[in-house]
Amino acid sequence: MKDITIIGAGPAGLTAAIYALRSGKSVLLLEAKTYGGQIVNTPEIDNYPAMPHVSGFEFAQKLYEQAASFGAEIFYEAASSIEDRGGIKVVKTTKNNSYESKAVIIATGAKNRPMGIDREEELIGHGVSYCATCDGMFFRRKDVAVFGGGNTAVEDALFLSQYCNKVYVIHRRDQFRADAADVEKLKARENVEFVLDSIVTKLLGDEKLGAVEVTNKKDGSKREINVAGLFVAIGQMPDNGAFANAVELDEKGYVSAGENCRTKTDGIYVAGDCRTKEVRQLTTAAADGAVAALAACANI
């Protein structure tokens, strides 16, 4: 039995592990995929203090190595439930294993939000992607589109514009939520075309994507754009349904907790993008990890 089980080995979970281990507690990290979370797909991080121009993969690797140097133990298993037995919490996984600890920190982050249109799932890997840095090179010298208007969408478009023939940026509004500096960089790229006040309404093509239908939200007009790839970046959503019996979730599925990272259940904490909060950034994920870990350590 460990002192603390941390569900998720992204920036919040790994930071929590570092703080807990430095406090002399034993820690088990459970990670469904790979350590680092979605930050590994970011080509360059410029907004983390004292670490300018570092890639997301490099940042995640350094964070993992730091946690491992203190003795962090990671099992690559997806948590399927949390059982509260008072002073003992039991985390069960999809591999039918159970792990006991005195406290649990949920740090599952968020996952990419799908468009919810016909053939989306069918064409994933055949033209539809949610990760430009993962799949962008498959579309070198081809026409592609990015759907979204936040930081991820703009970063994806900047990345793709270096390798693709043309990049269409489709956004449901006429203003971007992304950092103004990055938007200005994107506007300066000659091979980028903005398709604003519009959404993707249909995916066209036989066995692979050949075009997208775009509908203007203001006048209802439709347009077909020939592209080999569509990169979807319309936000994220939490995946906390498995823990609904142990913690309170809000209407969007985020774990309800304030800045102290405490849930309604004693001994269960939450950190990072999976909790209710206004700002979801790399710095706030790390801050949550520290807060949750110290709170857990103080109450064990």
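Exposed means over 50% relative accessible area, and buried means under 20%. The legends below describe a predicted model.

**View 1. Histidine 53, a loop residue with positive phi.** Histidine 53 sits in the loop that runs between strand 2 (27–30) and helix 2 (56–69). Its relative accessible area is 56%, so histidine 53 is exposed. Phi of histidine 53 is near 60°. The value is positive, and the residue is not glycine. Most residues other than glycine have a negative phi.

**View 2. Asparagine 96, a non-glycine residue with positive phi.** The loop between strand 5 (88–93) and strand 6 (98–106) holds asparagine 96. Phi of asparagine 96 is about 65°. With a relative accessibility of 74%, asparagine 96 counts as exposed.

**View 3. Serine 129, a buried strand residue.** Strand 8 spans residues 128–129 and includes serine 129. The relative accessible area of serine 129 is 4%, so this residue is buried. Which residues is serine 129 in contact with, leaving aside neighbours within four places in sequence? They are Asp135, Leu230, Phe231 and Val232.

**View 4. A positive surface patch.** Four residues form the patch: Arg172, Arg173, Arg177 and Lys217. Lysine 217 belongs to the loop between strand 13 (211–216) and strand 14 (222–226).

Conventions:
Residues are numbered from 1 along each chain as its sequence is written. This is a predicted model: local features need pLDDT of at least 70, side-chain atom pairs count only at pLDDT 80 or more; totals for chains, interfaces and linings use all residues. Side-chain values use heavy atoms; hydrogens and water are left out. Patches are made of residues with over 30% relative accessible area and no salt bridge: like charges are joined within 9 Å, nonpolar side chains (Val, Leu, Ile, Met, Phe, Trp, Tyr) within 5 Å. Accessible areas come from the Shrake-Rupley method with a 1.4 Å probe; for residues, only the protein chains shown count as cover. A salt bridge is a side-chain nitrogen of Lys or Arg within 4 Å of a carboxyl oxygen of Asp or Glu. Lys and Arg count as positive and Asp and Glu as negative; His and the chain ends are not counted. The place of a charge is taken as NZ of Lys, CZ of Arg, CG of Asp or CD of Glu. Helices (H or I, at least four residues) and strands (E, at least two) are DSSP runs, numbered from the N terminus. Buried means under 20% relative accessible area, exposed over 50%, partly exposed in between (1.4 Å probe, protein chains only). Contact means heavy atoms within 4.5 Å.
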